[in-house]
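Please go through the notes below with the structure open.

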Amino acid sequence: MVKALLLENIHPLGRELLMHAGVEVVTAKGALDEDELIEALQGVDVLGIRSKTNLTARVLESAPDLLAVGAFCIGTNQIDLRAAAGRGVAAFNAPFSNTRSVVELALAEIIALTRRLTEKDKALHAGTWDKSATGAHEVRGRTLGIVGYGNIGTQLSVLAEALGMRVVFYDTAEKLALGNAQRMRSLDELLDVADVVTLHVDGRPGNAGMFGPAQFARMKEGSIFLNLSRGFLVDYAHLRDQIVSGRIVGAAVDVFAEEPKSQGDAFESELRDLPNVILTPHVGGSTEEAQKDIGMFVAGKLRDYLETGATALSVNVPALILDRPRDGSHRIAHLHRNVPGVLAAVNRTLAAGGANIESQVLSTSGDVGYVVTDLSTDLPASELAELLEMEPTIRVRALHPDSED
């Protein structure tokens, strides 16, 4: 039986979907460190994680049974994607499922910070009646600067505009501006005009430290800053200085360079106890609706990969959209290094085994190629072994009811 390990409180519907597909599922609430993960992955075929568990090259090297990993979140920077592909481990994530949840949190924080609701709330809880409009503004007519115009940035753009905000954005890639949003030619150009700056970029290594003293100094006096994307993007010590000095009048932070591994663990940050600062424990996508959708989406991708070899929306191996094999067909899924002559060698081996090809699909991406072949008859063990022994082969899977990987 295929075995899955699901960490970090993945939604129960994800577990149920895999169990319904015949997968044995083991769950754990918290994240695991590298050594713990190596031990836990012995005999495990599928791993499910969120943002705190790191799947490193060392872990992958020590987990020969691992076939696939699902990141039950948007980001995949916690996975060594290149090392995973090199060992035949397909990786999947949820690029869309929690978009609305993150956008709604960002909007709520923009309004709360602009109205200085955090300070009014704290004052009343402390027994002080502070009925004053000083420093409180409407968001209507103010300029929102979105850094990163992907799935979250674009949806935030549309909803912010509906609230009456002017929207400008900056992205290193060419993106279609939605509504009346205006593309800025540089980050500096955006910072010059934005009353609110919000980060929604991915976790690629090149983005580390992208927002520091120079960027904060460029922001308008009296502006607001949000980071709901990645903790390592921002120099939070300098953000603290800017808030204490009053140049930046509010901030909301949902992500941190170092985050506690488990529920209830101690949290430390230089941003604690500052006025008009909202700190949340990486809950941008943590709504019941989003977690349900993520659980079903990623678990479905893992199930489809196990059962059919489909890799649609995989983040590290060539994407193939595949139907289930027809009754009586025998499917061979072959991940390999992308070098000349592999397809010809595969087909020679299949022909030598007397296999009649019903259909065949090939896709390549970077260093990796993936060919899936449906045969009318089973492939003899000798030819299957020959495919495994081909020098470019990364992994071979025989997908039909009577086979074992």
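1. A residue is buried under 20% relative accessible area, exposed over 50%, and partly exposed in between (1.4 Å probe, protein chains only). Tyr149 and Phe169 are both buried. Of the protein's 405 residues, 50% count as buried.

2. This is a predicted model: local features need pLDDT of at least 70, side-chain atom pairs count only at pLDDT 80 or more, and totals for chains, interfaces and linings use all residues. Residues are numbered from 1 along each chain as its sequence is written, and side-chain values use heavy atoms, with hydrogens and water left out.

3. The protein has 13 helices and 16 strands. These are DSSP runs, numbered from the N terminus: helices (H or I) have at least four residues, strands (E) at least two.

4. Now the rings. Rings of Phe, Tyr and Trp (its six-membered ring) pair if their centres lie within 6.5 Å; planes under 30 degrees apart count as stacked, over 60 as edge-to-face and the rest as tilted. By this rule there are seven aromatic pairs.

5. Why is the pair of Phe92 and Tyr305 tilted? Their planes stand at 55°, with the ring centres 6.0 Å apart, so the pair is tilted. Phe92 sits in strand S5 (residues 90-92) and Tyr305 in helix H11 (residues 288-308), so the pair ties together parts 213 residues apart in sequence. Phe92 is buried, at 1% relative accessible area. Tyr305 is buried at 1% too.

6. Tyr149 and Phe169 form a stacked pair, 3.7 Å centre to centre, with 10° between the planes. Elsewhere, ring pairs link Phe211, Phe216 and Phe225 into a cluster.
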